[in-house]
Amino acid sequence: MHDAYEPVPILEKLPLQIDCLAAWEDWLLVGTKPGHLLLYRIKNNAGTNRFEVTLEKSNKNFSKKIQQLFVVSQYKILVSLLENNIHVHDLLTFQQITVVSKARGATLFACDLQQSPSGEAQLRMCVAVKKKLQLYYWKDREFYELQGDFAAPDIPKSMAWCQNSICVGFKRDYYLIRMDGRGSIKELFPTGKQLEPLVAPLADGKVAVGQDDLTVVLNEEGVCTQKYALNWTDIPIAMEHQSPYIIAVLPRYVEIRTFEPRLLVQSVELQRPRFITSAGPNIVYVASNHFVWRLVPVPIASQIRQLLQDKQFELALQLANMKDDVEGDKRQQIHHIQNLYAFNLFCQKRFDDSMQVFAKLGTDPTHVIGLYPDLLPADYRKQLHYPNPLPSLSGAELEKAHLALIDYLTQKRSHLVKHLNDSEPSTPSPLMEGIPTIKSRKKLLQIIDTTLLKCYLHCRSPLSRLTWPWCPLC
């Protein structure tokens with residue numbers, strides 16, 4: 001585990017009970033149980049985890065009951081479920097723009113904002129009214145019906161758009177409803193023992209669906225896209241996706257995990273959290289009945305350092321790809337992490353996997369050969385160094401390692417022969433910074449051929465009819 005986020009208090013001991021949250025950019029909207037709507041401006045003091053919090057607007061007569069809030073900053077509107085109907089307000093003035101009269105009796109809604117090829121935002125909305133689903137699209141400051149209503153098996157309790165489908169959780173089961181004009185319905189699986197469904201949209205157009213303390217990822221066809229489910233330490237109440245992390249609100253704390261690799265990253269203890277919302281990348285708020293915290297990301301460089309210490313190379317690579325570094329520096333760090341990853345695979349005795357990564361990286365073959373005992377001359381071998389002590393190999397394990405090396409070197413040999421006469425040859429990269437590399441392709445071919453011969457002799461494999469040259473390092 002490592003620290004991915006630091007919780008920072010934003011609102012403490014709010015006298016009104018919080019019922020829902022929404023956020024965008026530097027703004028936080030809080031809907032309260034008495035129906036007050038509070039708008040806060042959250043400004044970060046540069047270079048610190050301190051925030052200046054200002055109550056910019058308070059509407060005490062917003063509604064008798066605020067059930068759900070959704071901000072569409074592109075259109076500068078606030079969509080809300082108030083007293084079981086859908087209302088749209090201006091985001092800056094809170095002036096009411098329209099009410100969806102047909103949605104009277106609504107208990108839930110889900111919005112979906114997509115970018116068209118022309119770059120224009122397209123807003124769709126699904127509203128649950130008793131056992132029906134109503135579909136709308138936004139145009140000219142109004143919601144218009146997208147198509148006819150769909151009959152649902154029960155009253156929806158949780159739902160989210162999944163590209164051109166809607167995943168709906170009912171009291172006992174999950175269903176997927178396709179927006180194909182016919183409203184094709186696919187039954188998925190039961191909600192679990194708790195009978196409390198949870199569907200959360202993910203940033204890549206998929207949905208996370210909960211079954212007790214498990215979460216699976218579904219695509220728009222209702223097919224699981226992950227080999228294994230996430231297993232939380234308690235039953236999630238709400239979720240938010242901040243790639244590469246999925247953040248779940250549990251009854252006593254907030255838990256942060258990753259899908260690939262499947263890791264528990266961090267547990268953040270907070271006092272009875274209930275709600276979570278995002279204002280965009282790296283801006284996440286969590287609230288209890290009377291407190292609001294902001295989850296501030298730990299700098300990526302610090303996270304990567306900790307992950308490399310913990311040998312979590314796959315997650316370190318994901319974070320390195322997200323950094324806003326100079327492109328050359330970014331490539332160099334990614335290459336370094338990949339080499340560490342390949343080395344770690346070798347130490348775990350996953351020889352085939354390790355060789356495949358080294359082959360893709362263009363690592364100097366002599367540095368890979370140096371991972372094995374007695375294949376390089378002692379004087380040259382002393383010039384090589386590695387991140388950690390090498391594993392001790394013998395017997396069947398060593399033979400398996402040699403077979404993986406044979407495949408790797410055969411592939412490298414074929415590539416070198418093919419490009420032997422190139423005018424601008426590619427230079428092999430070192431496994432670790434500062435290690436000398438072999439720049440002569442002919443010399444490298446001789447080393448590879450000699451090493452292959454030693455490997456074949458060790459594995460007692462039939463020798464090919466090649467004439468094996470003398471190794472220039474021997």
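User: In what order do the strands of the open sheet that includes E2 and E5 stand, and with what pairing?

Analyst: Strands of a sheet pair through backbone hydrogen bonds, either parallel or antiparallel. In this predicted model, where local features need pLDDT of at least 70, side-chain atom pairs count only at pLDDT 80 or more, and totals for chains, interfaces and linings use all residues, the open sheet of 4 strands has the order E2-E3-E4-E5 with antiparallel pairing. Strand E2 (18-24) and strand E5 (51-59) each have a single partner strand and stand at the edges, so one side of each is left without a neighbour in the sheet. Residues are numbered from 1 along each chain as its sequence is written, and side-chain values use heavy atoms, with hydrogens and water left out. Strands (E, at least two residues) and helices (H or I, at least four) are DSSP runs numbered from the N terminus, and two strands pair if DSSP finds at least two bridges between them.

User: How many bridges join E4 and E5, and which residue of E5 is the bridge partner of Arg41?

Analyst: Strand E4 (residues 37-44) pairs with E5 over 8 bridges in the antiparallel sense, and Thr54 in E5 is the bridge partner of Arg41.

User: Which residues of helix H2 are buried, and what do they pack against?

Analyst: With buried meaning under 20% relative accessible area (exposed is over 50%, partly exposed in between, with a 1.4 Å probe and protein chains only), the buried residues of H2 (residues 313-322) are Phe313, Leu315, Ala316, Leu317, Leu319 and Ala320. These buried residues pack against strands E23 (245-249), E24 (253-258) and E25 (263-269), and against helices H1 (300-309) and H3 (327-347); contact means heavy atoms within 4.5 Å.

User: At what angle do H3 and H4 pack, and how far apart are their axes?

Analyst: Two packed helices are described by the angle between their axes and the distance between the axes. Here H3 and helix H4 (residues 351-361) pack at an angle of about 155°, with their axes 7 Å apart; the axes are lines fitted to C-alpha atoms, for helices over the stretch in contact, and angles run from 0 to 180 degrees between N-to-C directions. That makes H3 roughly antiparallel to H4, where angles under 35 degrees count as roughly parallel, over 145 as roughly antiparallel, 65 to 115 as roughly perpendicular and the rest as oblique. Among the residues making the contact are His335 and Phe346 of H3, and Phe351 and Leu361 of H4.

User: In the hairpin of E8 and E9, which residue takes a positive phi?

Analyst: Phe94 takes a positive phi near 65° in this hairpin, which has 5 residues between the strands; E8 (residues 85-90) and E9 (residues 96-100) run antiparallel and are joined by 4 bridges.
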